[in-house]
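Thanks for coming. I have one model to show today, and I will keep to what can be read from its coordinates.

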Amino acid sequence: MELLYKRATMEDLALLMETRIEVLRAANRLSDEADLSEVKEQSFHYYKKALGLGTHIAYLIFDQDRFVGAGGISFYQVMPTCHNPSGNKAYIMNMYTHPRYRRKGIAFKMLDLLVNDARDRGITHISLEATDMGRPLYEKYGFVAMKDEMELPV
């Protein structure tokens, strides 16, 4: 199987939007009837800005002309710490592989592309949220559960 891993550009916004919504429906077990129009609109603005600034990189995967997967990484900075003197971090998101293409190493290769993009920027701290289905992939790659982080839903 000869797959093309393509770095997304502004011309790919429509496909990025479709993929984003598909990922959210799958990860959150939402029906096709769930209204995600606001999320789609805000995601469009996010992608347009972040791709333009280079604070987000996304890849699209194709089997000839058929879309089969995607993944993205966002770059941001927090206050520097002893463990991360630059404060630069990255967050992997929107990992998706079409069901017929799963368990073939595609997501692992996507993850490797994203991690290497972060390394090329000198980033030493990469995080992500894992679904139950994705957790084994991330653990195989070397991601570990975080023990000190908390979140307050407001």
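I will go through the sheet, then the helices on it, the cores, and finally the charged pairs.

Two remarks on method. This is a predicted model, in which local features need pLDDT of at least 70 and side-chain atom pairs count only at pLDDT 80 or more, while totals for chains, interfaces and linings use all residues. Residues are numbered from 1 along each chain as its sequence is written, and side-chain values use heavy atoms, with hydrogens and water left out.

Helices (H or I, at least four residues) and strands (E, at least two) are DSSP runs numbered from the N terminus, and two strands pair if DSSP finds at least two bridges between them. Strand 3 and strand 4 are antiparallel and share eight bridges. As one example, F75 has A90 in strand 4 as its bridge partner.

Now the helices. Contact means heavy atoms within 4.5 Å.

What is inside? A nonpolar core is a set of buried Ala, Val, Leu, Ile, Met, Phe, Trp, Tyr and Cys residues joined through side-chain atoms within 4.5 Å. Buried means under 20% relative accessible area, exposed means over 50%, and partly exposed is in between, with a 1.4 Å probe and protein chains only. The largest such core has 24 residues, and I73, I92, M95, L111 and F143 have the most contacts inside it. Helix 3 gives the largest share, six residues. Leaving out residues up to four places away in sequence, M95 touches V23, A70, G71, A107, M110, L111, L114, L137 and Y138. Apart from that core lies another, of 14 residues, among them A8, M17, L51 and Y96.

Y96 is in strand 4 and is buried, at 9% relative accessibility. Its contacts beyond four places in sequence include T19, E22, F67 and R102.

Last, the charges. How many salt bridges does a search of the whole structure find? Two, where a salt bridge is a side-chain nitrogen of Lys or Arg within 4 Å of a carboxyl oxygen of Asp or Glu. One joins D12 and K6, with the closest N and O atoms 2.4 Å apart. D12 is in the loop between strand 1 (3-7) and helix 1 (13-27). At 11% relative accessibility D12 counts as buried, whereas K6 is partly exposed at 26%. Beyond four places in sequence, D12 is in contact with K6, R7 and L60.

The other salt bridge is between the side chains of R135 and D132, at 3.2 Å from N to O. R135 is partly exposed at 35%, and D132 is exposed at 61%.
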